[in-house]
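Please have the viewer open as you read.

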Amino acid sequence: MGTVNGHDHPSGSGVVRRVNGPLVEVEGLDGIAMREVLGLGPQELAAEVVGIEADRATVQAYEYTGGLAPGHGAVSTREVLSGVLGPGLLGQAFDGLLRPLSSAQVWLTPERPTAHSGRQWSFVAGVEVGETVHEGQLIGTVPDSGAVEHRVLVPPGVHGVVGWVAGPEPRGAEGVVARVGETPVHLSQRWPVRRPRPFRARLSEVVPLHTGQRVLDLLYPLARGGAAAVPGGFGTGKTLLLQQIAKWSDADVIVYVGCGERGNEMADVLDELSRIADERTGGRLLDRTVIIANTSNMPMMAREASVHTGITVAEYYRDMGYDAVVIADSTSRWAESLREFANRNGDLPAEEGYPANLASELAAFYERAGRVVTLGGEQASATVVGAVSPAGGDLTEPVTTGTQRFVRSLWLLDRDLAYARHYPAVSWRGSFARDAEAVGAWRATHGDPEWAARRARATALLAEADRLAALAEIIGTGSLPGHERMVLLGGRLLRDAVLQQNALSPNDGFCSPEKGAALLGLVLDVVDACQERIEAGTAATTLEETDLGPVIRAREELGPRDAAGVARRRVEVLEMLGGLA
């Protein structure tokens, strides 16, 4: 028997023959399989088999390979790359292989323990001896394991009669809490990160995910279980927008994957989440968040595993009946790790040097999102939001164009809006939401039948205002007829009073659906009132010089849920406009 990172495994050893960064060639291992995990060298560095030819295997190392040399040993674990899923994930930070960072030493070593080593947990049984259970059914709960209730379920593929149930005494994460037939049920379980977790059925009904960001919720909504991409160049506000979604979306569990980004950004995420009070639980927002950090100075191939680890953790909580959101920042860095390894391996490069299977890899990640009926019969979801960081802001590069094929919403960030200090810098020219019609139907049956009509009017107003702005640059605004000048005024009000949002404002960082609908309705009603005054003979200049500051300031002066205050301001502004000569 040998060990890799503290785990025993069957004997089976080979020899390292070639080392090229994270690419290592090993020979002499009999019976190995694709995606099997090996231990390389004296430190038994974790590595994964990605190619086999006769008795020689090509593996990708998930640790820094400095010091690894030809002639060193290689040991097979007879396992695929798996994460330990159980209590203790929430509120903590992990690397791409789901090993803890929160409790790790300053200088990381390959010998780090698993996520649950040394911690003792209580267990509250939810079934009785003699009861017949099926896969996915609740066995019991683990108190004090995070801000949401941790549920222990019958593992997939297991069913039968409960023969024994544990008492409340503390036990480790590997401890057995029940026995179903002849199968022990542990507090934690190992699950291959590349294998989607099973469910009963995928739901087709669209239910919107509220992000708290008006430009997304009002114009480009995302459904629970959907996938969204956020492409944008440097400085356009991708990370801040993703952090806002993590802080304010109405999901039960957030999985934040920092993939190849700067370490100080991940430190900021941890700091902010630990300081923000969670309205839902009364505790810290961090207590229902899992952080997976593979920063730019961590081993390159661990980035490749981190996105799969993140979606696996989200599926784990989805199976408990929760709505989980995976935020991946950024999938471009993940794709770059695929490109680097493929080039080292001598694979035939496709467009811009990326591997030919880039589209398949993107699909394997985004298609794991979904709103489903779990094995236990609950309706739950795993939603994916991925940032794309194209080099030089080139939105025609392969990762951006490939991602658009697999997502339901695209939130394109505009450099000009960002430079104009308009945040979130989501472009209304290039963004889309494929589920907008279905979301409108859902809103209509849940108390807001005007949602779709308001959205249609807003997008049409923005498009017409952009067209007229280009024309006004040529002939001058004063040469336009009055009703077209009111369209320009309406476009400015819509951008400044609704779509723009101040992430640092306690009133404007988050916006409820009711306040967002009220603000959009306020702007549209003001535009209609201005058009009526034009028809009544009021000069366009008079309306343009009228103080409409109360409309613009409403988003920051009124509370995040104060739709009634917006309604009162609407009455005041319309009365003022009605009194103009």
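## Ground rules

Contact here means heavy atoms within 4.5 Å. Axes are lines fitted to C-alpha atoms, for helices over the stretch in contact, and angles between N-to-C directions run from 0 to 180 degrees. Helices (H or I, at least four residues) and strands (E, at least two) are DSSP runs, numbered from the N terminus.

The model is predicted, with pLDDT of at least 70 needed for local features and 80 or more for side-chain atom pairs, while totals for chains, interfaces and linings use all residues. Residues are numbered from 1 along each chain as its sequence is written, and side-chain values use heavy atoms, leaving out hydrogens and water.

## The barrel and its helix

Let's start with the barrel: six strands close up in the order β3-β4-β7-β6-β5-β8, with antiparallel pairing. Strands count as paired if DSSP finds at least two bridges between them. From one strand to the next, the twist averages 45°. Helix α5 (residues 331-345) lies across β3 (13-20), β4 (23-27), β6 and β7, and runs at about 150° to β7.

Which strand pairs with β6 over six bridges? The partner is β7: residues 45-53 form β6, residues 56-61 form β7, and the two are antiparallel. Within this pairing, Gly51 has Thr58 of β7 as its bridge partner.

## A salt bridge between strands

A salt bridge is counted when a side-chain nitrogen of Lys or Arg is within 4 Å of a carboxyl oxygen of Asp or Glu. By this rule the structure has 36 salt bridges. One of them joins Arg56 to Glu27, with the closest N and O atoms 2.9 Å apart. This pair links distant parts of the chain, since Arg56 sits in strand β7 and Glu27 in strand β4, 29 residues apart.

## An open sheet

There is also an open sheet of four strands, ordered β13-β16-β18-β19 with antiparallel pairing. Its edge strands, β13 (132-133) and β19 (183-186), each pair on one side only. Two bridges connect β13 with the antiparallel strand β16 (residues 160-165), and Thr132 stands opposite Val161 in β16.

## Two cavities

A cavity is a set of points on a 1 Å grid over the protein atoms alone where a 1.4 Å probe fits but cannot get out; its lining residues have an atom within 4 Å of a point. Grid points are joined across faces, edges and corners, and a volume is the space filled by probe spheres set on the points. How many cavities of 30 Å³ or more does the whole structure hold? The search finds two.

The largest cavity has about 110 Å³ of space. It is lined by 13 residues, of which Leu240, Leu241, Gln244, Tyr423 and Pro424 are the closest to its centre. Its lining has seven nonpolar, six polar and no charged residues, where Ala, Val, Leu, Ile, Met, Phe, Trp, Tyr, Cys and Pro count as nonpolar, Asp, Glu, Lys and Arg as charged, and the others, Gly among them, as polar.

The second largest cavity has a volume of about 40 Å³. Gln243, Ala246, Lys247, Tyr256, Val269, Glu272 and Leu273 form its lining, divided into four nonpolar, one polar and two charged.

Conventions: 1 Å grid on protein atoms, 1.4 Å probe; cavity = no way out; pocket = protein on both sides within 12 Å on 5 of 7 lines; lining within 4 Å.
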